[in-house]
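Thanks for making the time this morning.

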Amino acid sequence: AKPDRRTSPEIARGTLVTIDQEGNIVRVEVPGGAERVVRARPAGDAQAQPAVWAIGGPDEGGRIAFVEYYFPKEAHALKVIGEDGSGERTISERPGDPLWKGAAGKSMALSRRGGQVAMVGQMLGVQLPSAYLMEGPLEIWGIDDGKQVTWGKVLDEGLAWLPDGRHLACVRLLPARPYQD
């Protein structure tokens, strides 16, 4: 039987970025799975070296956005680097520990076009009857100009830009409404 083109894995093509077990930023080709380290975690004492907390991208220009944190110092930075490992630069640095103090979320999305990165800022826990969720302000950063816009509270889950680079999907908690038959 001929494979259905709509469900065939051959239609998935592109580049994924991830953080490997050693803390390196790694580029993975799809299909095939060929991996290449984009940025190696600095050598030395792991406790004293910066670590990558969140990652997004790449965009059309081959840029990857990431949050780096500096444990035990309570600070983190939003950075960008080319998927070939060139041009690393800092967009923003600020106080706050993302790991222990929730200063930045794990969910991050870099728009395919338009040069914008979305992330969740200072998070607080929200206890629901059957779940504990992390919620914080949605931050949109311009990776070329460093400008920031903050919009409402969102969950630290599933941020994703639509292909046009202008619209973002996110998850928000809505106020409870009384049940009605």
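Predicted model: local features only at pLDDT ≥ 70, side-chain atom pairs only at ≥ 80, totals over all residues.

Residues are numbered from 1 along each chain as its sequence is written, and side-chain values use heavy atoms, with hydrogens and water left out.

How many salt bridges does the structure hold? There are 12, where a salt bridge is a side-chain nitrogen of Lys or Arg within 4 Å of a carboxyl oxygen of Asp or Glu.

One of them joins the side chains of Arg-27 and Glu-83, at 3.2 Å from N to O. This pair links distant parts of the chain, since Arg-27 is in strand β2 (residues 25-30) and Glu-83 in the loop between β6 and β7, 56 residues apart; helices (H or I, at least four residues) and strands (E, at least two) are DSSP runs, numbered from the N terminus. Arg-27, at 22% relative accessibility, counts as partly exposed, whereas Glu-83, at 18%, counts as buried; buried means under 20% relative accessible area, exposed over 50%, and partly exposed in between, with a 1.4 Å probe and protein chains only.

Another is formed by Arg-94 and Glu-139, whose closest N and O atoms are 2.8 Å apart. Here Arg-94 in strand β7 is linked to Glu-139 in strand β11, 45 residues apart, and Glu-139 is buried, with a relative accessible area of 5%. Salt bridges that share partners also join Arg-39, Glu-68, Lys-79 and Glu-88 into one network.

Let me stay with Glu-88, which lies in the loop between β6 (75-82) and β7 (89-95) and is partly exposed at 36%. Its side chain makes a polar contact with the side chain of Arg-39 at 2.8 Å (a pair of N or O atoms within 3.5 Å; within protein, one must be able to donate a hydrogen and the other to accept it, and residues adjacent in sequence count only if both atoms are side-chain atoms). The C-alpha atoms of Glu-88 and Arg-39 are separated by 9.3 Å, although the residues are 49 apart along the chain.

Finally, helix α1 (residues 98-101) contains Leu-99, and the side chains of Glu-74 and Lys-101 meet in a salt bridge at 3.3 Å, N to O.
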